[in-house]
Amino acid sequence: MGEIKVGTASWTDRTLLDSGWYPASADTPEKRLSYYARQFPLVEVDATYYSPPAERTARLWAERTPAGFTFNVKAFSLLTGHPTRVSALYKDLRPDTDKRNVYPDDLPGQAYEEVWTRFLSALDPLVEAGKLGALLFQFPPWFTIKRANKQYLLEVARRCAPLRPAFEFRHASWFDGDNAEETLGFLREHDLPFVCVDMPQGHKSSVPPVLAATADLAVVRFHGHSDKWTSKDIHEKFGYDYSKRELRDWAPKLRELAGEAGQTHVLMNNCYQDYAQRNATTLAGLLDA
């Protein structure tokens with residue numbers, strides 16, 4: 001069985017800071033990250049989806065965590081085709097527009113290329129420290145299974161090489177009927193890591209909890225099962241506290257998945273108060289048992 005690393009998709013959420021999970025002595029960003037890294041070997045950085053990271057920030061992350069710690073980094077929204085706030089773009093690359101949000105086609109080609117270059121180069125301190133895990137490319141619900149989108153996965157892999165992108169889909173077409181076999185086969189053929197998800201079902205963005213390793217790295221993200229999944233309030237959407245029974249049912253499935261990959265990253269994305277941290281601790285204990 002390959003190595004399993006368990007962590008959470010945040011360490012700075014305001015409701016987490018207010019929950020009391022951090023000791024009173026962890027009263028600065030540096031101390032909080034240091035404390036988190038003593039509890040878990042893995043974290044996912046989601047802030048990079050909303051605004052591209054600065055190299056100085058990545059260097060601080062590397063300096064404030066122990067050897068062997070791993071950061072998975074979520075791709076900037078523009079790179080996954082999501083609407084992106086003009087104010088989130090690098091100042092010198094912002095288009096002259098009255099639009100609040102832009103898409104890749106709204107930028108000149110050279111500006112779009114420069115976003116890619118700056119996003120990836122900002123992560124160099126993590127790469128140099130051996131602490132960069134996967135780059136999470138979570139695609140929008142309208143990113144369906146079709147030839148052009150599969151070609152974009154290959155383009156992303158080429159742009160990121162030798163870094164490892166991992167792909168999360170949010171449209172059921174990737175797994176409808178025979179499409180599941182086609183999707184997983186395509187990812188395996190090109191050695192592209194697949195992001196498995198546990199999430200509410202019955203919504204337009206719902207993807208079934210397919211567990212499969214399509215490369216040497218497997219990634220599983222737990223989004224919870226909130227009955228307010230369509231809420232615009234992210235804490236209502238992700239505010240789900242997994243029971244120990246639910247996590248116990250997942251443990252053997254995750255061990256089986258880890259038998260197919262060299263390394264498996266398991267991330268709790270139910271980020272409300274200390275739900276994710278408590279659930280990750282419980283799940284890690286079950287996997288170690």
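**Charged and aromatic side-chain contacts**

Arginine 14 is exposed at 53% relative accessibility, where exposed means over 50% relative accessible area, buried under 20% and partly exposed in between (1.4 Å probe, protein chains only). The model is a predicted one, in which local features need pLDDT of at least 70 and side-chain atom pairs count only at pLDDT 80 or more, while totals for chains, interfaces and linings use all residues. Residues are numbered from 1 along each chain as its sequence is written, and side-chain values use heavy atoms, with hydrogens and water left out.

Arginine 14 forms a salt bridge with aspartate 18, at 3.9 Å from N to O; a salt bridge here is a side-chain nitrogen of Lys or Arg within 4 Å of a carboxyl oxygen of Asp or Glu. Both residues lie in helix 1 (residues 14-19), four residues apart, which is about one turn of the helix, helices being DSSP runs of H or I with at least four residues and strands runs of E with at least two, numbered from the N terminus. Aspartate 18 is likewise exposed, at 57% relative accessibility.

By this rule the count comes to 14 salt bridges. Among them is the bridge between glutamate 114 and arginine 118, whose closest N and O atoms are 2.9 Å apart; these two residues are four apart in helix 5 (residues 109-121), so about one helical turn separates them. Glutamate 114 is partly exposed at 25%, and arginine 118 is partly exposed at 23%. Aspartate 274 and arginine 278 also meet in a salt bridge, at 3.1 Å from N to O, with aspartate 274 buried at 15% and arginine 278 partly exposed at 34%. Glu44, Glu168 and Arg221 are linked in a network of salt bridges.

Turning to the rings, the count of aromatic pairs comes to 26, where rings of Phe, Tyr and Trp (its six-membered ring) pair if their centres lie within 6.5 Å, and planes under 30 degrees apart count as stacked, over 60 as edge-to-face and the rest as tilted. The centres of phenylalanine 139 and tyrosine 152 are 6.3 Å apart and their planes stand at 75 degrees, so this pair is edge-to-face. Because phenylalanine 139 lies in the loop between strand 6 (132-138) and helix 7 (147-160), and tyrosine 152 in helix 7, the pair ties together parts that are 13 residues apart in sequence. Phenylalanine 139 is buried at 0%, and tyrosine 152 is buried at 16%. Phenylalanine 169 and tryptophan 174 are stacked, 4.0 Å centre to centre with 15 degrees between the planes.
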